[in-house]
Amino acid sequence: TDYSSIYYDYLLLNKEIILFPCDYEKYMLEDRGFIHDYGTAMPSKKIFSFNDLLIQLVSENNKLEQGLRNKLIMDNWGTYNGKASKNILDNLCK
């Protein structure tokens with residue numbers, strides 16, 4: 001993914017993540033930038049060229065260390081138990 005919030009949704013799946021900010025400098029200079037520090041908020045491996053992306057895709061496992069993944073989830077959203085809709089309804093109906 002690039003800078004999309006899809007990254008945060010995908011964290012919950014515990015799948016491999018590679019960030020491809022191929023236009024990072026242009027995005028920072030000409031677009032809206034980031035709310036949070038990009039390096040801290042999205043600590044997965046970042047690949048900046050298409051050729052490097054192809055090499056990365058075939059060469060190694062890109063999983064975030066499980067402890068870091070869990071910390072990101074807990075720091076940003078709390079626990080994940082697969083019952084988000086039920087938890088929301090329970091809180092609304094109190």
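1. The structure, which is a predicted model, holds one salt bridge. Its partners are Asp 90 and Lys 86, and their closest N and O atoms lie 2.7 Å apart.

2. Both partners belong to helix H6, which covers residues 84–92. Because Asp 90 and Lys 86 are four residues apart in this helix, about one helical turn separates them. Asp 90 counts as partly exposed, at 37% relative accessibility. Lys 86 is likewise partly exposed, with a relative accessible area of 47%.

3. As to the overall arrangement, the protein has six helices and two strands. Along the sequence these follow the pattern α-β-α-α-β-α-α-α.

4. The protein comprises 94 residues, of which 24% count as buried. In soluble globular proteins, nonpolar side chains tend to be buried together. Here, the largest nonpolar core has 11 residues, among them Tyr 3, Leu 19, Tyr 27 and Leu 72. H1 and helix H3 (38–41) each supply at least two residues of this core. The greatest contribution is that of H1, with three residues.

5. A patch of negative charge is found on the surface, where Asp 2, Asp 23, Glu 30 and Asp 31 gather. Asp 2 lies in the segment before helix H1 (6–11). Is Asp 2 buried, partly exposed or exposed? With a relative accessible area of 36%, Asp 2 is partly exposed.

Definitions and conventions
Residues are numbered from 1 along each chain as its sequence is written. This is a predicted model: local features need pLDDT of at least 70, side-chain atom pairs count only at pLDDT 80 or more; totals for chains, interfaces and linings use all residues. Side-chain values use heavy atoms; hydrogens and water are left out. Patches are made of residues with over 30% relative accessible area and no salt bridge: like charges are joined within 9 Å, nonpolar side chains (Val, Leu, Ile, Met, Phe, Trp, Tyr) within 5 Å. Accessible areas come from the Shrake-Rupley method with a 1.4 Å probe; for residues, only the protein chains shown count as cover. A salt bridge is a side-chain nitrogen of Lys or Arg within 4 Å of a carboxyl oxygen of Asp or Glu. Lys and Arg count as positive and Asp and Glu as negative; His and the chain ends are not counted. The place of a charge is taken as NZ of Lys, CZ of Arg, CG of Asp or CD of Glu. Buried means under 20% relative accessible area, exposed over 50%, partly exposed in between (1.4 Å probe, protein chains only). A nonpolar core is a set of buried Ala, Val, Leu, Ile, Met, Phe, Trp, Tyr and Cys residues joined through side-chain atoms within 4.5 Å.
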